[in-house]
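Please read the points alongside the sequence and the coordinates.

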Amino acid sequence: MTIGSLAVFYVYWICFKLRTIKIMKKVIYTAFICALCLFFSCSIEPESINYGTDACSFCKMTIVDQQHAAQYVTNKGKQFKFDAIECMVNDLGEKESDDIAIFLVADYDSPGHMVPAISSVYLISPAIKSPMGANLSGFASNEKALITQKNSGGDLYSWQELLIKFDAE
C-alpha cells in the first residue's frame with residue numbers, strides 16, 4: 001500500500017465517522033423530542049362526557065343520565081366513564097385504586113356538573129332511580145344531600161362508607 005492510498009483510506013474513514021456521529025446526534029435529538037412530546041401529551045385531566053354517545057366502561061350502556069354519571073382518570077391519563085356511580089364503584093372493586101388520579105361524580109342537583117367523588121356525599125333512596133337500579137346519587141355538599149334525604153328518604157354515605165357498602169375497597 002502506498003502512502004496515497006493510506007491517506008485516501010484515512011480521509012474516507014474520518015468522513016464515515018463524522019457522518020455516523022452526525023446521524024447519531026440526529027437520532028438522539030429526535031428520540032429526545034419524541035420523549036418530550038409523549039411526556040407532555042399524557043395529561044391527567046378529565047375529558048367531558050359526551051352524553052348519548054359515550055359508553056359506560058363497566059356495563060357498556062350509553063351514558064345518557066347527567067345526574068348519575070361518573071368517571072375516573074388513571075395516573076397515566078386513561079379515561080374511564082360510567083353511566084352510574086354504582087358502575088364506577090363496582091369497577092373499582094376489580095382494579096387497584098392506587099393507580100387512579102381523579103375520581104368524579106355528577107352532582108345530582110347540577111346535572112352534567114362533575115365534582116370530586118372523594119369529598120362528595122351519597123344518598124341511596126328508593127325514591128330516586130339511578131340507571132343501574134342502585135338508587136345511588138352523589139351530592140357536592142352535605143347540605144344538599146340532607147335536603148334531598150328529607151324530601152325523598154334514604155341513607156347518606158361518605159365515599160369510604162360507599163366503597164365498603166359496595167365491597168369495592
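A residue counts as buried when its relative accessible area is under 20%, as exposed when that area is over 50%, and as partly exposed in between, with a 1.4 Å probe and protein chains only. The model is a predicted one, in which local features need pLDDT of at least 70, side-chain atom pairs count only at pLDDT 80 or more, and totals for chains, interfaces and linings use all residues. Residues are numbered from 1 along each chain as its sequence is written, and side-chain values use heavy atoms, with hydrogens and water left out. Helices (H or I, at least four residues) and strands (E, at least two) are DSSP runs numbered from the N terminus.

**Salt bridges**

- A salt bridge is a side-chain nitrogen of Lys or Arg within 4 Å of a carboxyl oxygen of Asp or Glu; a search of the whole structure finds 3 of them.
- E47 forms a salt bridge with K81, with the closest N and O atoms 3.4 Å apart. This pair links distant parts of the chain, 34 residues apart: E47 lies in the loop between α1 (3-41) and β1 (70-74), and K81 in strand β2 (residues 79-82).
- E47 is partly exposed at a relative accessible area of 44%, whereas K81 is buried at 9%.
- D54 also forms a salt bridge with K81, and here the closest N and O atoms are 3.1 Å apart. The two residues are 27 residues apart, D54 being in the loop between α1 and β1 and K81 in strand β2.
- D54 counts as buried because its relative accessibility is 15%, below the limit of 20%.
- D107 and K144 meet through their side chains in a salt bridge of 3.9 Å, N to O.
- D107 is buried at 2% relative accessibility, while K144 is partly exposed at 33%.
- Through shared partners, salt bridges join E47, D54 and K81 into one network.

**The sheet and its packing**

- Strands of a sheet pair through backbone hydrogen bonds, either parallel or antiparallel.
- Two strands count as paired if DSSP finds at least two bridges between them.
- An open sheet of 3 strands has the order β6-β5-β7 with antiparallel pairing. Its edge strands are β6 and β7 (155-157), each of which pairs on one side only.
- The twist from one strand to the next averages 30°; axes are lines fitted to C-alpha atoms, for helices over the stretch in contact, and angles run from 0 to 180 degrees between N-to-C directions.
- Helix α3 packs on the sheet, where it touches β5, β6 and β7, and its direction makes about 165° with that of β7. Contact here means heavy atoms within 4.5 Å.
- Strand β5 (residues 121-124) and β6 run antiparallel and are joined by 4 bridges, with V121 opposite F139 in β6.
- β5 and β7 also run antiparallel, joined by 3 bridges; Y122 stands opposite Y157 in β7.
- Strand β6 (residues 136-139) is covered on both faces: L136 and G138 are buried on one side, as are S137 and F139 on the other.

**Aromatic pairs**

- Rings of Phe, Tyr and Trp (its six-membered ring) pair if their centres lie within 6.5 Å; planes under 30 degrees apart count as stacked, over 60 as edge-to-face and the rest as tilted.
- The count by this rule is 6 aromatic pairs.
- The Y72 and F82 rings have centres 5.5 Å apart and planes at 35°, so this pair is tilted. Y72 is in strand β1 and F82 in strand β2, 10 residues apart.
- Y72 is buried at 0% relative accessibility, and F82 is buried at 0%.
- F103 and W159 form a tilted pair, 5.3 Å centre to centre with 50° between the planes. Their positions are 56 residues apart, F103 in strand β3 and W159 in helix α4 (residues 159-165).
- F103 is buried at 11%, and W159 is buried at 4%.
- One aromatic cluster is formed by Y72, F80, F82, F103, Y122 and W159.

**Positive phi angles**

- K60, which is not a glycine, has a positive phi of about 70°. K60 lies in the loop between α1 and β1 and is exposed at 57% relative accessibility.
- N135 has a positive phi near 55°, again in a residue other than glycine. N135 is placed in the loop between β5 and β6 and is buried, with a relative accessible area of 15%.
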